[in-house]
Every structure is written in structure tokens, then in C-alpha cells.
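Hi everyone, thanks for coming.

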Amino acid sequence: MSTPAEKHALRVSGETALTLVAFIVFFTAFLAWAFLFTKPTIEQSARSEKLAVLNQILPAKLYDNDPLADTLTLPAEPALGTTVPSAVYRARLNSQPSALALDVVAPDGYSGNIRMLAAFNAQGQVIGVRVVEHKETPGLGDYIEPRKDKNKERPWISQFDHVPASLSAQNWHVRKDGGTFDAYAGATVTPRAVIKAIYKAQKFVIANRQALFAREAKDGLAKGQNGR
Amino acid sequence: MWITRDEFRDIATKGIWKQNTSLVQILGLCPLLAVTTNLVNGVMLSLATLLVMALSNFAVSSLRHFIPYEIRIPVFILIAAALVTVVDLLMNAYLHGLYVVLGIFIPLIITNCIVLARIEAFAAKNPPVQAASDGAMMGVGMLWTLALIGALREILGSGTLFSGIDLVIPGAQPLQLLPADYPGLLLAILPPGAFIVLGCIIAVKNWIDARQAERALKQANPLIAGGCQ
């Protein structure tokens, strides 16, 4: 039925397809090897990165456990601004809850989400905040990151280190809006978003601190570790 | 098999100056705009691109006799994408701080037209050593351009140089070139600043080339050049 030319074309396309498949198989195998080869190091560096941020907001004298292993997974929580499940790292001293750190997202930054890691003490008071990821204007709103802050002695974000427990709702604002927080001139949208998000998060932590520190998360912790 | 001195010199001049990716071919503008807000970022992304280009040119050139002409583009992309992914994984593992800063622009190296362009235009037709040199030298061209743009933008924009160096060499400190109370020039940090700086560098390069061409013309034929004046 088919002419020799058609047979030839069929053979050529078959061979070409096989060559392509061979290349794909070879390079997929190469990628799989590279993935497995780098996996332990990548996990290690992700862990030490997280630990480095944690160490900035959780004073080492506050805990004697491994907060990265003592975790609880929270579902998406509007009060924290999170839209995906996030981890809570619990710090304990002599097995007593002493502090915890969790993800807080300010959805109303100048350009998109500002993702933070915030630490709270056993009473639920904020004791430290670090910005993990943001897209604020370079040179204008990015001073929320201590590395970009011109004031190296006392970066803006360190105002959250010692917020008095008695601070009223009205005081949780930048000075310009009648609160007690400083903000650099020219960029108030960014600090407003951060302060509002941390205030909401603190209310959430105070209201839920029993559950957040609960040991019940033992199996949540096991799941969390194997799942990763 | 090996490469002669003249061949290498020719490849190097083309990559570094005559066919400079950013100044002559104007390729890879997206990472150029986004990443050159400081010197370190520009250099490190260029190094990653250089590595990918040298490796992918070498791989394609070595395999060029096994790649059917009809499906060469998918195979080229497959090879280059695999190498980009490997570089991405390696940076994530061993230069994690920098990996976080450069973020999406490392995987996006594959969309930089220059990678495929050098594979198709050079590696597919030349032996492996020449192809690898071409990829590396094109990368060097990109490297010095992005380093220059990054340095200028960083000095103008924030008054520092080498900020973020601690992500590559732990403990190293950036230089404060302008007084610490320098207010910064936001325009230089934002993408339009990159366009302006790039435009100025292209203008300087064209000026140098034009002057050289004029001089060469004068040497070749003093009469004509004299008549022009």
C-alpha cells in the first residue's frame, strides 16, 4: 500500500523520536542524580538559614530545646495573614514553654506581601520580628530589613524587641497616626503594614497560647519531620 | 581537536568586545535590569550564566553528531535546561545566601536567549574545546558588563560597593564609598537606572569603536582621511 518513500519517512521519524527519548532519559537521570547529590546539603542550609533567623529573635538564654524540631503546623490563619499551612517553632526552658516563633504575613505592603518570622514570649508578648521576604521599594521601604537599614545601631525592626505589654491598641501605630512606633519619612505604608500585622498576630497568640504550646503536637512534630 | 592561540584570541575578542552579549547583541536584558542593583549580584549571576554557557556549549558540541537536525532545538533546550537546573541546585546547596538573593533569575538563565543562540550559532558547528571557550568568553563579556553596570548603579544608588559580599565570602565587609549620610539615588536602583547606565556604556563602547575605526582608516589611507577633515 505505502510507497517506499512513505516507509522511509516513517522509519526516519521513528528513529528521530527514539533519539529524543534517549536524550530525555539520559538527562532526566542526570538531573535525578544531581538532585539526590545536593539534597542533604540543601536541607542543611535551609535549616541553618531558619536557625539563623530564629537566633536573631529568640534569645538563646530563653530555651534549651531544639525549636526547629519542636514544631506545630498551623492551617492557613487569617489573623496571621497566612494562606498556606505554616510551622510554629516552640522554645522551652526546663520543659516549660518560654517562647514561640511563627510566620506572619502582612498582605498590605506597598508592593505585595511582607513575610515575617515573629517571636512571642510565653505570655504572648512580641519579643522580636524579622522580615523574611518582601518586595518593598529598594532604598525607600526596605529598611524593614536590618541589612538595608541605615541605622545599624538600632534598626527600625528592633522596635519590636521590647514592646511593653501594656501598649494600647491606639499605640500600635506609627507616630504619624498617633502611635508609638517610629517610621522613616517618605515610606509609611510599609511600616503601617508591618505594625498592623504584628499587632493582629500578637492578639492571636495571646488568645491561643495554650493550644500553640500544647504538647499534643508530638505526633504533629513526627509527621512534620518525616514529611519534609 | 585542541585549540590554537589565534582561534582562542578570535573567540575571546568576539565574546568580550566585538559581539558582547549585553552591549552589542543586547540579549539577556531582563536579568540585567533586575539583578545589577549591586556589583556582587551582577557578578554572581554572570558567573552562573558563564558556567551554564560553557557547559552547555561543550555538551552540545560533544553530542552534535548524535543530534538529528530536525529535533535539534528541543534537544539543545533539554541539555541547557538540565545544566541550568544542576547549577541552580548547586548554588542552593553551596551558596545558599546568594541563591536566595538571585532567586528566580537562576532558573531563568535558560530563557536568556544568549544560551540557545551560542549553542545554535557556534556549538552545533564547532569542536568541543572551541565551543566551551566560546561559551566561557561570551560569559566573560557579560560578566564585565554586568559588573560595571552593577558597580555604577550601586555607587550612585546607595554609595557602597561590594554590598552582599558576605553572602559569598563570609565575614567580608562592603566598602562605603560615599559618606554614610549619602541619601542615595533611587533612580539608579530601579530598572530605569539600569537602562540609563547600559545606554551610557553602549555609547562609550561605540565611541571607542568609532575612534579606532577612524584611526585604522587614516593609517590605511592617509589621503582620504586627510581629505575628510
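Predicted model: local features only at pLDDT ≥ 70, side-chain atom pairs only at ≥ 80, totals over all residues.

The largest nonpolar core has 56 residues, and the ones that touch the most other members are Ala48(B), Val52(B), Leu83(B) and Val87(B). Which elements give two or more residues to this core? They are helix H2 (29-35), H3, H4, helix H5 (96-102), H6, H7 and helix H9 (191-220), each of them in chain B. The top contributor is H3(B), with 15 residues.

Setting aside neighbours within four places in sequence, Val52(B) is in contact with Ala80(B), Leu83(B), Val84(B), Val87(B), Ile109(B) and Val115(B). There is also another core, apart from that one, with 45 residues; Ile57(A), Ile114(A), Phe120(A) and Phe213(A) are among them. As a general reminder, nonpolar side chains tend to be buried together in soluble globular proteins.

Now have a look at helix H6 of chain B, residues 113-121. Which of its residues are buried? Ile114(B), Val115(B), Arg118(B) and Ile119(B) are. Looking down the axis of H6(B), you'll see these buried residues within an arc of 135 degrees, so they line one face of the helix. Remember that an α-helix has 3.6 residues a turn, so residues three or four places apart point the same way. And what do the buried residues of H6(B) pack against? Three helices of chain B: H3 (39-63), H4 (72-94) and H7 (128-158).

Over to chain A. Its domain assignment gives domain 1, residues 1-56, and domain 2, residues 58-227. The C-alpha centres of these two domains of chain A lie 40 Å apart. Seven residues of domain 1 are in contact with ten residues of domain 2 in chain A. On the domain 1 side of that contact, we have three nonpolar, two polar and two charged residues.

What about the two chains together? Their contact takes 18 residues from chain A and 22 residues from chain B. The chain A side divides into eleven nonpolar, six polar and one charged.

Finally, a word on confidence. For the complex, the predictor gives an ipTM of 0.80 and a pTM of 0.73. Chain B averages a pLDDT of 89, with 96% of the residues scoring at least 70. Among the elements of chain B, H7(B) has the highest mean pLDDT, 95, while helix H10 (residues 222-228) has the lowest, 55.

How values were computed
Residues numbered from 1 in each chain as written. Chains lettered and ligands numbered in written order. Contact = placed C-beta atoms within 7 Å. Nonpolar A, V, L, I, M, F, W, Y, C, P; charged D, E, K, R; others polar. Buried ≥ 20, exposed ≤ 12 C-beta atoms within 10 Å, placed from the backbone. Helix = DSSP H or I, 4+ residues; strand = E, 2+ residues; numbered from the N terminus. Arc of directions from axis to C-beta. Core = buried A, V, L, I, M, F, W, Y, C linked by C-beta atoms within 7 Å. Domains from an automatic or database assignment. pLDDT = per-residue confidence, 0-100.
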